[in-house]
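Please keep the sequence and the model side by side while reading. The paragraphs below go through a few places in turn.

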Amino acid sequence: MKLYNSLSHREEDFIPNEGKKVAMYTCGPTVYHFAHIGNLRSYIMEDILEKYLRYSGYDVKRVMNITDVGHLTSDGDTGDDKMLKGARREHKTVMEIADFYTKAFFADCAKLNIKTPDVVEPATHCIDEFIKVISSLIEKDYAYEAGGNIYFDTSKLSKYYVFGEVSEEDLEVGVREGVEEDGNKRNKADFVLWFTKSKFDDQELKWESPWGLGYPGWHIECSCISMKHLGEYLDLHCGGIDNQFPHHTNEIAQSEAFLGHKWCNYWFHVHHLNTDKGKMSKSSGEFLTVSLLEEKGYDPLVYRFFCLQSHYRKSLVFSWDNLDNAKQAFDKLIARIAALMNEAPGEVDKEAFERVKAGFAAAMDDDVNTSNAVTALYDVFKADTNAATKLALIEDYDRVLSLGLIEKARALKAGQEAAQSDIPAEVMELVEQRKQARKDKNFALADELRDRITAMGYSIRETRQGTEISRIN
Ligand code: AMP
Ligand code: ZN
């Protein structure tokens, strides 16, 4: 399988450290608000990657953190604490907020058929691990104390900007947001590992540490939670593209300084979901949630389908028109699968199954090209094989795509059958006669039968899925 690696800026063969075993880590949500559908684009694409690895025979262990402490409004160390902001907004405690939005996140994931990772660990459960790693970084002279806080000293690394250079302007993001530069830092890029001198006097969550009562920085949590559950060597790390800097850059800095060797081989970054006003974000402006899609009558899986139609390394523009197009295509797709279920099934042809499936695998092996994988799904209808084989292929691809295709087609077919059963036997008899007349190319008779059916109060329509009969109101 080829995977684009953000570290090398090119597609590489994916080769895990230990044969078929894959150690995979995902940056989890900051649980101070609902996830928006931009966040969920990242989780959908990561879910597809995980499922395709499993489908290809890899034994994946996937770990995800829950950020319930330490994430400030700028991804650097400035601004307000996001959790505290959420708690103030809703007049609740930080832990109540964390609990509520963690549950909401997994409920949204379930609606989008996103599998829960094997291990989910909230940052607040790992304070001892953070303290251990920070203490070691101080011992190794990679970290220093200043003004009560502990900072990572980026000047100690031969290369800090591992994903590519970052402009001074990007480093000053906090300043742009009207927040004061932290004068304790020795170098502009240094970042906080542990806060004691919090500017938030009412910071709710604080823990004892060798440096006084305080709380961890955001970046340290992912390094420690990953090492706790996946060991010293990580195969694959995922996140949205905005995590590349500073978050993932800092994760690599502190993990490799602590371990003394390379930590993670492949970095998978999902590009953003944008609106016509720019990036969708939790902290600014209006954002769209799964519940809102449902309120507007969309099946959340239509949104999943919409995401799959484009490649994860391209930014994707959300609009209601674009979602409507995806809905129409999705409904048609389900109807075509339901029609396949009406055909004489036959036996699954193993040879044809393997031949056709190679098209799907080729698309997915090519850097998780889901838009080509969706094309491969449509190719199944055209394949030179029977309905049983086609249905088996669709079911097989859906182990990865997770669109509920077979289930939805079955439900549609059951609904169609129930509607048909309300149609009087005399009308059905004429419909069957008309089908035969069309087969015999006796169109005059077919037209006459249609008129008789219409006179009895029913209309008929020929569709790709067969003859549709409905009552004229
Ligand atoms: P957060 O809850 O803010 O920590 O973000 C959770 C995940 O969503 C991270 O991997 C982010 O990189 C990702 N993310 C944030 N905004 C977007 C967006 N507009 N489109 C896609 N992914 C995003
Ligand atoms: Zn992270």
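Predicted model: local features only at pLDDT ≥ 70, side-chain atom pairs only at ≥ 80, totals over all residues.

Residues are numbered from 1 along each chain as its sequence is written, chains are lettered from A and ligands numbered from 1 in the order in which they are written, and side-chain values use heavy atoms, with hydrogens and water left out.

Helix α17 itself covers residues 443-455, and its 13 residues reach 18 Å from the first C-alpha to the last, close to the 18 Å expected at 1.5 Å a residue (the expected span being 1.5 Å times one less than the number of residues). Within α17, A446, L449 and I453 are buried. These residues cover an arc of only 65° around the axis, which puts them on the same side of α17, the arc being that of the directions from the helix axis to the C-beta atoms. The face turned away from that buried side carries the exposed residues A444 and A455; buried means under 20% relative accessible area, exposed over 50%, and partly exposed in between, with a 1.4 Å probe and protein chains only. What covers the buried residues of α17 includes α16 (425-439) and β15 (458-463), where contact means heavy atoms within 4.5 Å.

Elsewhere, four strands form an open antiparallel sheet in the order β6-β7-β8-β9, two strands being paired if DSSP finds at least two bridges between them. Since β6 (143-146) and β9 (215-216) stand at the edges with a single partner strand each, one side of each is left without a neighbour in the sheet. Helix α4 (residues 127-139) packs on this sheet, touching β6, β7, β8 and β9, and its direction makes about 125° with that of β8; such angles run from 0 to 180 degrees between N-to-C directions, with axes fitted to C-alpha atoms, for helices over the stretch in contact. Helix α8 (residues 244-259) lies across β7 and β8, running at about 70° to β8.

A further place to look is S402, found in the loop between α14 (387-401) and α15 (405-421). At 8% relative accessibility, S402 counts as buried, and, not counting residues up to four places away in sequence, S402 touches K51, N113, L301 and R304.

Definitions and conventions. Helix = DSSP H or I, 4+ residues; strand = E, 2+ residues; numbered from the N terminus.
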